[in-house]
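Hi everyone, thanks for coming.

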Amino acid sequence: QYKQDGGCCKLCPPGTSMTSLGNCLEPQCQKCGDGEYQDTYSKEPKCHLQPYCDPNKNFQIPKYNLQERSVCSCREGFHCSSSHCTSCVPHTACNPGYRVKLRGNHSKDTECERCSEGTFSQNSSQTEACQQWTECPWGWEVVQAGTDTSDQICGAPRTHAVVISVVVIFIVFLVVVGLIFQGKVKSSSFNVDVKTSADVERTHLSHDAPGSQTGRPQVWLCTDCLPGPPVSGRVVEVVVQEKD
């Protein structure tokens, strides 16, 4: 309320202004327009203008409130160029070998700090921290030591490489031997069945003998068909039958 002519008059609420219409006890209030505000009860005929936040100076456009004065803030990744904040400038990016100790905000720039022992950073950044060096697995050795700008590189010991090479060669050898043996088994195209009697040993051979179209077995005698040293008086009758 306010006093007028010895009496108490009503004020217009925040977010409005008072028009010339109305009277002391029943004032006529109108809502503030776009880009305006009124933050107190008043009898003022006009609302206040909101500050202009120029996006060309890297300010973000605020959401205006009719009942309070807006504050211009720098957009993400920028901070005020001075204490009066007449414009915004980009945050500093920490160089390789440094980490972001404190991230920049509307009023402060980024604060950087060198990476500690055992950590590194490879890129310039406004937000990233340093990373830990890679830990080499048990039995492996450091091939290249890490720095504040590069990770350490691990490698298998030379003895491991030799053992692996020997194992690979041995496996290849076994595969080759297996293939050769398999080829010999497949190349055998007949079976021998030897039956022995007192004076005659008969060997049946399953063979695709030429000239056996008659269906009758081909028979001949030999004295040295069997393995081992020749035996006097031993005769072998060989019967060749056509395969089905």
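Let me start with a definition: a disulfide here is a pair of cysteine sulfur atoms within 2.5 Å. The sulfur of C8 is 7.5 Å from the closest cysteine sulfur, that of C9, which is too far for a bond.

A word on the source: this is a predicted model, where local features need pLDDT of at least 70, side-chain atom pairs count only at pLDDT 80 or more, and totals for chains, interfaces and linings use all residues. Residues are numbered from 1 along each chain as its sequence is written, and side-chain values use heavy atoms, with hydrogens and water left out.

One joins C74 to C88, with an S to S distance of 2.0 Å. The torsion about that S-S bond is about -85°, so this disulfide is left-handed. C74 sits in strand β8 and C88 in strand β10 (residues 88-90), so parts 14 residues apart in sequence are tied together. Strands, by the way, are DSSP runs of E, at least two residues, numbered from the N terminus.

Are these two cysteines buried or exposed? Buried means under 20% relative accessible area, exposed over 50%, and partly exposed in between, with a 1.4 Å probe and protein chains only. C74 is buried at 7%, and C88 is buried at 5%.

Next, C94 and C112 form a disulfide with their sulfur atoms 2.0 Å apart. C94 is buried at 2%, whereas C112 is partly exposed at 31%. Thanks, everyone!

Note on methods:
Helices (H or I, at least four residues) and strands (E, at least two) are DSSP runs, numbered from the N terminus.
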